[in-house]
Amino acid sequence: MTFVVPFDGSELAEAALVRAVEYDAALEEGVAAVAVVPERKGYAREKGWIDEDEPYDVDAVVDRLRERVRTLAPSAAFECERIREFPPEAQLAGHIERLIRNHDPSVVFLGSDNVGRVVTPLTSVGVHVAADEAYDVFIVRQPTPPALEALDPHPEFYRESDAT
């Protein structure tokens, strides 16, 4: 069993990855980060991977995501799927869910400020991922240190967050 984190490089995805690492240190489950990278500029701009006028180098984005995972979670596995289209959120979530299931997750750590609200935006991949009943979901809404005394805070992440 593994703690799995859908990872797009956003602040909350990073916080979810760090939280998974913190829980892994206490419970020794293992951590995997999964990413889906559409090969279309629209999604890359939406995610902040490229600026408005910047050319889109898919390989460079995948490398940056992999390197960020390696920085925050050196022992975590990283799996990335490149897809040609920029699908609707439900289809994108389907790709992510398939990658998640590849790791036989005990818990999915999901960084999202949208999941679980009474009113949920229609454009949230997290809503679809959290709806899968095959695994438990730990929702990380804030990039703050863990509240449980039994967990040691990540040694680098919170200092980085404080600097921003």
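This is a predicted model: local features need pLDDT of at least 70, side-chain atom pairs count only at pLDDT 80 or more; totals for chains, interfaces and linings use all residues.

**Reading the model**

Trainee: At 13% relative accessibility, does Glu-14 count as buried or exposed?

Mentor: A residue is buried under 20% relative accessible area, exposed over 50% and partly exposed in between, using a 1.4 Å probe and protein chains only. At 13% relative accessibility, Glu-14 counts as buried.

Trainee: What kind of model is this?

Mentor: Residues are numbered from 1 along each chain as its sequence is written, and side-chain values use heavy atoms, with hydrogens and water left out.

Trainee: Which element of the protein has the highest mean pLDDT?

Mentor: The mean pLDDT of the protein is 83, and 82% of its residues reach 70 or more. Helix α5 (residues 125–131) has the lowest mean among the elements, 56, while the highest, 96, belongs to helix α3 (residues 58–72).

Trainee: Which pattern does the protein follow along the sequence?

Mentor: Helices (H or I, at least four residues) and strands (E, at least two) are DSSP runs, numbered from the N terminus. The protein has six helices and five strands. Read along the sequence, their pattern is β-α-β-α-α-β-α-β-α-β-α.

Trainee: What share of the residues of the protein counts as buried?

Mentor: The accessible surface, from the Shrake-Rupley method with a 1.4 Å probe and only the protein chains shown as cover for residues, comes to about 8,800 Å², of which 48% belongs to carbon and sulfur atoms. Of the 164 residues of the protein, the share that counts as buried is 45%.

Trainee: How many of the 17 residues of α1 are buried?

Mentor: Glu-14 lies in helix α1, and the buried residues of α1 include Leu-12, Leu-17, Arg-19, Glu-22 and Tyr-23. Helix α1 is largely enclosed by the rest of the structure because, of its 17 residues, the number buried is twelve.

Trainee: How far apart are the end C-alpha atoms of α1?

Mentor: The expected span of a helix is 1.5 Å times one less than its number of residues. The 17 residues of helix α1 (residues 11–27) should therefore span 24 Å, and this agrees with the distance between its end C-alpha atoms, 24 Å.

Trainee: What phi does Glu-28 have?

Mentor: Glu-28 lies in the loop between α1 and β2 (31–38), and is exposed, with a relative accessible area of 70%. Although Glu-28 is not a glycine, its phi is positive, at about 55°.

Trainee: In which loop is Asp-104 found?

Mentor: Phi of Asp-104 is near 45°, a positive value in a residue other than glycine. Asp-104 is partly exposed, with a relative accessible area of 46%. Its loop is the one between α4 and β4 (105–111).

Trainee: How many residues has the largest nonpolar core?

Mentor: A nonpolar core is a set of buried Ala, Val, Leu, Ile, Met, Phe, Trp, Tyr and Cys residues joined through side-chain atoms within 4.5 Å. Among the residues with the most contacts inside the largest one are Leu-17, Trp-49 and Phe-109. Leaving aside neighbours within four places in sequence, the contacts of Leu-17 include Val-5, Val-31 and Val-69. The number of residues in the largest nonpolar core is 45.

Trainee: Are the rings of Phe-157 and Tyr-158 stacked or edge-to-face?

Mentor: Rings of Phe, Tyr and Trp (its six-membered ring) pair if their centres lie within 6.5 Å; planes under 30 degrees apart count as stacked, over 60 as edge-to-face and the rest as tilted. By this rule there are six aromatic pairs. The centres of the Phe-157 and Tyr-158 rings are 5.3 Å apart and their planes are at 80°, so the pair is edge-to-face.

Trainee: How far apart in space are Pro-145 and Glu-22, C-alpha to C-alpha?

Mentor: Pro-145 is found in the loop between β5 (136–140) and α6 (157–163). Not counting residues up to four places away in sequence, Pro-145 touches Arg-19, Pro-153 and Tyr-158. Pro-145 and Glu-22 are 123 residues apart in sequence, and their C-alpha separation in space is 9.4 Å.

How values were computed. Contact means heavy atoms within 4.5 Å. pLDDT is the predictor's confidence in each residue, from 0 to 100.
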